[in-house]
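Biologist: Before we look at a model together, could you show me how to read the burial pattern of a helix?

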Amino acid sequence: MRSRLPVMRDRRRYMVFELESEGHLDARDISIEIQSSYLSLFGDSGGASPRLISFDGRFGIVRCRNGYVEELRASLASIHTIAGFRAAIWVRGVSGTIKTATEKYIPQSSIKPEEHRRRVDLKGISGVIVSTRGHEIDVSPDDHIEGLDTRYLGLTYFDLEGGCDYADGTSDGV
């Protein structure tokens with residue numbers, strides 16, 4: 001009989017930060033500075049392995065290893081210039097997934113749906129389709145829905161096409 005050893009997974013954390021700078025900075029400049037700052041404080045020990053996941057001009061998400069969140073927080077706090085511009089980085093929060101980090105720590109007003117995206121107008125829910133994966137659809141609602149504290153709603157094609165008896169949607173075949 002073979003004994004099963006637990007599989008140790010390298011758990012990741014996602015840190016949301018807000019950037020304020022004197023000039024326009026792109027994601028590449030910020031990524032280089034985050035790496036440089038971490039290496040100068042903690043050396044090349046592997047540690048947090050920080051990686052910039054996204055940056056929208058004001059808010060960004062950095063991935064790091066679970067046990068190194070405080071080290072990454074310290075290295076972000078030590079950044080004062082990026083690409084020759086004075087800059088300040090404030091950590092807004094840490095989460096275990098990108099979706100949760102985005103929903104909890106990046107304000108809704110900074111997520112601007114593009115005008116060309118498809119819209120959903122159902123009974124009681126209307127919004128812009130943000131992403132699709134197979135039969136799953138994420139919608140950014142137009143208005144705050146009472147009782148929900150979320151930035152996205154999860155729907156399926158059945159909700160939109162009316163493929164189920166209890167679904168009340170359109171049949172536009174998103």
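The dialogue below turns to one helix and its surroundings.

Modeller: This is a predicted model, in which local features need pLDDT of at least 70, side-chain atom pairs count only at pLDDT 80 or more, and totals for chains, interfaces and linings use all residues. Residues are numbered from 1 along each chain as its sequence is written, and side-chain values use heavy atoms, with hydrogens and water left out.

Biologist: How many helices and strands are there in the chain?

Modeller: The chain has 4 helices and 9 strands, where helices (H or I, at least four residues) and strands (E, at least two) are DSSP runs, numbered from the N terminus.

Biologist: Which residues of H1 are buried?

Modeller: An α-helix has 3.6 residues a turn, so residues three or four places apart point the same way. In H1, which covers residues 27-42, the buried residues, meaning those under 20% relative accessible area with a 1.4 Å probe and protein chains only, are Ile-30, Ile-34, Ser-37 and Tyr-38. They lie on the same side of H1 because they cover an arc of only 95 degrees around the axis, taken from the directions from the helix axis to the C-beta atoms.

Biologist: What does the face of H1 turned away from the buried side carry?

Modeller: That face carries Arg-28 and Ser-40, both exposed, a term that stands for over 50% relative accessible area.

Biologist: What covers the buried residues of H1?

Modeller: The cover includes strands S1 (12-21), S2 (51-55), S3 (59-65) and S4 (81-82), together with helix H2 (69-77). Gly-43, which follows H1, has a positive phi near 80 degrees.

Key
The expected span of a helix is 1.5 Å times one less than its number of residues. Contact means heavy atoms within 4.5 Å.
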